[in-house]
Amino acid sequence: MSLGDDVLLEIEDEGVATITLNQPDRRNPLSEGISAGLSEAFDEIEDSDARCVVVEGSGGSFSAGGDIESMVEGIENEVPADERVRTLERSTNELMRRLVEFPVPTVAAIDGPAVGAGANLALACDMQLATEDAVFGFVFRQVGLSVDAGTSYLLPRVVGENVAKGLVLTGDIIGADRALDLGLVNHVYGAEEFDERLEEFVGKIVSGPPIALRHANRLLGEGLEKSLGQALTDEATAQGIVFETEDHEEGVNAFFEDRDPEYEGR
């Protein structure tokens with residue numbers, strides 16, 4: 001499925017939705033076209049039976065982050081700062097909010113550069129798998145900017161405040177192995193095995209109980225913002241919902257019958 005030319009969407013019968021950023025000649029920046037296409041893709045996926053979403057880039061890049069062409073236009077046309085801030089809020093910020101809060105588990109499949117806002121697009125996904133060719137950088141300083149696209153929220157939660165400040169203030173580009181050491185990604189694989197490993201990883205998610213995993217994913221995402229008491233209460237509330245599902249009954253029956261469960265998402 002094509003959402004314009006800038007974003008492609010494929011939803012497989014097995015429950016995997018793949019979103020492909022498709023401006024390879026520009027290394028897939030978060031341009032107006034890609035941001036709009038991502039929003040449309042999320043709408044389509046929420047109306048589908050997808051159990052997992054893969055976000056990837058085309059042409060050997062994940063995402064080069066901010067749209068430099070639009071920055072140049074803003075400078076040349078002397079667009080007021082407040083207007084540019086409104087555009088940032090309306091496009092990139094809304095996109096990041098939606099991705100972080102998206103109900104279906106999301107996996108970033110990272111090959112090549114994921115820098116600036118593009119690195120945040122990867123972090124906004126629930127899980128990250130990278131090839132050995134992936135590189136990461138929070139390089140806002142290279143274009144004379146502070147941070148945006150959720151850097152100050154996402155990055156310290158993953159790597160801690162000290163490391164986050166080091167990455168942002170130096171603008172260093174790091175390779176996949178260093179990203180793995182820091183916890184920026186879950187796994188790193190060679191290019192020749194990446195597709196197979198990604199399929200295996202996503203397959204484990206898709207084979208699980210969709211309703212239960214959505215609740216678990218949401219609770220984990222919210223956990224750092226809550227007290228222990230609130231977390232325990234919210235977990236109990238979610239279990240009360242999941243106890244009523246057919247999938248819970250199927251899981252228990254499969255356990256006692258020593259077979260793999262077949263979850264239907266009901």
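Which residues in helix 9 meet Asp234, Glu235, Ala238, Ile241 and Val242 in helix 10? They are Ile211, Ala212, His215, Arg218 and Leu219, where contact means heavy atoms within 4.5 Å. The structure is a predicted model, in which local features need pLDDT of at least 70, side-chain atom pairs count only at pLDDT 80 or more, and totals for chains, interfaces and linings use all residues. Residues are numbered from 1 along each chain as its sequence is written, and side-chain values use heavy atoms, leaving out hydrogens and water.

Helix 9 (residues 210–222) and helix 10 (residues 228–242) pack at an angle of about 170°, and their axes are 10 Å apart. That makes helix 9 roughly antiparallel to helix 10, a term for angles over 145 degrees; angles run from 0 to 180 degrees between N-to-C directions, and axes are lines fitted to C-alpha atoms, for helices over the stretch in contact. Helices (H or I, at least four residues) and strands (E, at least two) are DSSP runs, numbered from the N terminus.

Turning to the sheet, six strands form an open arrangement in the order 1-2-3-4-6-9, with mixed pairing; two strands pair if DSSP finds at least two bridges between them. At the edges are strand 1 (7–11) and strand 9 (187–189), each of which pairs on one side only. Strand 6 (residues 127–131) pairs with strand 9 in the parallel sense over three bridges, and Ala130 stands opposite Val188 in strand 9.

Helix 4 (residues 117–124) packs on the sheet, touching strand 2 (16–21), strand 4 (106–110) and strand 6. Helix 8 (residues 191–206) runs at about 165° to strand 6.

Key. Parallel < 35°, antiparallel > 145°, perpendicular 65-115°, else oblique.
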